[in-house]
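Dear colleague,

Please find below the structure that I am handing over to you. My notes on it follow, and I would be grateful if you read them alongside the coordinates.

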Amino acid sequence: MSVFSVIGHPVLAAWTDRLRSIETETEEFRRLLNQIGQLMVPSVTEHLPTTDIEIRTPLADTTGRQLDGGTPVVVSVLRAGNGLLDGVLKVLSDADVGFIGLVRDHDTLEAIEYLVNLPTLSNRHVIVVDPMLATGHSAVAAVDRIAREEPASITLMCVVAAPEGVRHLTSHHPRVRVVAAALDDGLNDSGYILPGLGDAGDRLYGTQS
Ligand code: URA
């Protein structure tokens, strides 16, 4: 798998496009983001290494597999990341969870960190969840912070990515895997993705920034 990939799945594409629609209101937006989070888990975890183990079924002894290092850690980039997090945890229900709070400075588009709460990340596989990869500033700030803990791998799960954000993140962090549901055209002057879906946090929580 290359560093950046878009999942080519018709159900995921249809749900993502429904998410984009201006007609999709908060309740449906929230449900769709949750479902998208669930559906993306197989793709964001497909690189995880396993080791062979002996297991006994009720009928026979056989060889099975277990995840090296256990279930990955999920780190949500607040606040829109929490919309994906709930879905991811429906599948990875025993995952440890961390939070990184970032706000965008509307003038510089730089990410400003206001909260970091992380479980042990050293030598563990980390999945960062953030629905929008726009300028890439927040993603780089989140990955910078996580990389300091020396995890085994970092994968960013996003729903909509802009080419600018993919370039910015992968040039700063060439080993980070980025998995998206869609790659859009680019950014407008305010750093929003086009066609995108608007402000994911506002649409998820019914606010207006
Ligand atoms: N964050 C969002 O929620 N939407 C965008 O288009 C860009 C960043």
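The side chain of Thr-71 makes a polar contact with the side chain of Asp-94, at 3.0 Å (a polar contact is a pair of N or O atoms within 3.5 Å; within protein, one must be able to donate a hydrogen and the other to accept it, and residues adjacent in sequence count only if both atoms are side-chain atoms). This is a predicted model, in which local features need pLDDT of at least 70 and side-chain atom pairs count only at pLDDT 80 or more, while totals for chains, interfaces and linings use all residues. Residues are numbered from 1 along each chain as its sequence is written, and side-chain values use heavy atoms, with hydrogens and water left out.

Thr-71 lies in the loop between β3 (61-67) and β4; helices (H or I, at least four residues) and strands (E, at least two) are DSSP runs, numbered from the N terminus. With a relative accessible area of 18%, Thr-71 is buried (buried means under 20% relative accessible area, exposed over 50%, partly exposed in between, with a 1.4 Å probe and protein chains only). Apart from neighbours within four places in sequence, Thr-71 is in contact (heavy atoms within 4.5 Å) with Leu-92, Asp-94, Ala-95 and Arg-124.

Helix α2 (residues 26-44) has 19 residues and reaches 26 Å from its first C-alpha to its last, close to the 27 Å expected; the expected span is 1.5 Å times one less than the number of residues. Its buried residues include Phe-29, Leu-32, Leu-33, Ile-36, Met-40 and Val-44. Among the elements that cover the buried residues of α2 are α1 (10-20), α3, β7, β9, β10 (177-183) and α6.

Most residues other than glycine have a negative phi, and most peptide bonds are trans. The bond from Leu-78 to Arg-79, however, is cis, with omega near 5°, and Arg-79 sits in the loop between β4 (73-78) and α3 (81-91). The bond from Leu-194 to Pro-195 is also cis, with omega near -5°; Pro-195 is in the loop between β12 (193-194) and α6 (200-205).

Asn-123, not a glycine, has a positive phi of about 65°. This residue belongs to the loop between β6 (111-117) and β7 (125-129), and counts as exposed at 60% relative accessibility. Glu-150, likewise not a glycine, has a positive phi of about 55°. Its place is in the loop between α4 (137-147) and β9 (153-161), and at 58% relative accessibility Glu-150 counts as exposed.

Yours sincerely
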